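Biologist: I would like to learn how to read the inside of a protein model. Could you walk me through one?

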Amino acid sequence: MAVHFSEEEKKKLEKNEAEIYKKRSKESVKQEWENFTWKEKLQNFQYYYLKPCLIALIIVAMVGLQVYDYFTKDTVALFITIQNEVLTDETIENLEKELSEYLHFRKGEVVRINQATDNYQIQTYLYSGTTDIIIASESDFSEWAESDYLFNQNVHEEVSFYADYSEEYRFYSKIITGEDVRQNTTDTDIQPSDQTNYYCGISLKDSEKYKQIGGMISDPVAGISCASKHTEEAKMILQYFMDNSQKLETKAVVK
């Protein structure tokens, strides 16, 4: 509730010398500050300004870190998923560097190689376009090809270069469509209605480069994700792995 003073009370207050009743101006505050001892100034700063200053510094630091991270964080310009492989971390790191140099990536652009075992994670990577190339055994690769996650040479111009390779290196698969799934909601063994064999990948069984990095998959097959945003770079890497006239500098590092 507001307090109302009479005229007489107001006059008494104006004459009151108590500190609480004094009118404060910028000049009076400045003069008061100048009269403080250094210890009083320090106490005054801690009481009134320290907490806001600390909060401001934290905010500035957080914004600064975000800006720094934005400008210095590497951009993954090609992502390769190798399913159920056992390459060492050092081998992967060296191979990522060598492939980035082969593709003449600019500073800050990198090849990233992920050894995945979780099917759900791989499915997410393929669907979202995170993965550009997948390398897997024939049986594992067949699952992704059947599910229509990969470019095929029958339909997609992006992998027309598949035609350059002889029959022994071609991987074919029938494709289970969304309509096939909708018509067989209770069937766990869905058969594709389209009996066409689509050319979906390339066998790396004779790739000296894949053997050189210590790959343990005996029948590796490579293909390019339909959702890939880096199809040209993916094409160059598959062609590179299939070219036995060049060798990798990367050697398999055994634990």
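Predicted model: local features only at pLDDT ≥ 70, side-chain atom pairs only at ≥ 80, totals over all residues.

Biologist: Is Leu 78 buried or exposed?

Modeller: Buried means under 20% relative accessible area, exposed over 50%, and partly exposed in between (1.4 Å probe, protein chains only). Leu 78 counts as buried because its relative accessibility is 0%. Leu 78 sits in strand β1, residues 75-83; strands (E, at least two residues) and helices (H or I, at least four) are DSSP runs, numbered from the N terminus.

Biologist: Which strand runs parallel to β1?

Modeller: Strands pair if DSSP finds at least two bridges between them. Three bridges join β1 to β3 in parallel, with Ile 80 partnered by Ile 133 of β3. On to β6 (residues 220-224), β3 has five bridges, running antiparallel.

Biologist: Which residues touch the most other members of the largest nonpolar core?

Modeller: In general, nonpolar side chains tend to be buried together in soluble globular proteins. A nonpolar core is a set of buried Ala, Val, Leu, Ile, Met, Phe, Trp, Tyr and Cys residues joined through side-chain atoms within 4.5 Å. The largest one has 35 residues, and Leu 78, Ile 80 and Leu 99 touch the most other members. Helix α10 gives this core its largest share, six residues.

Definitions and conventions:
Residues numbered from 1 in each chain as written. Heavy atoms only, no water.
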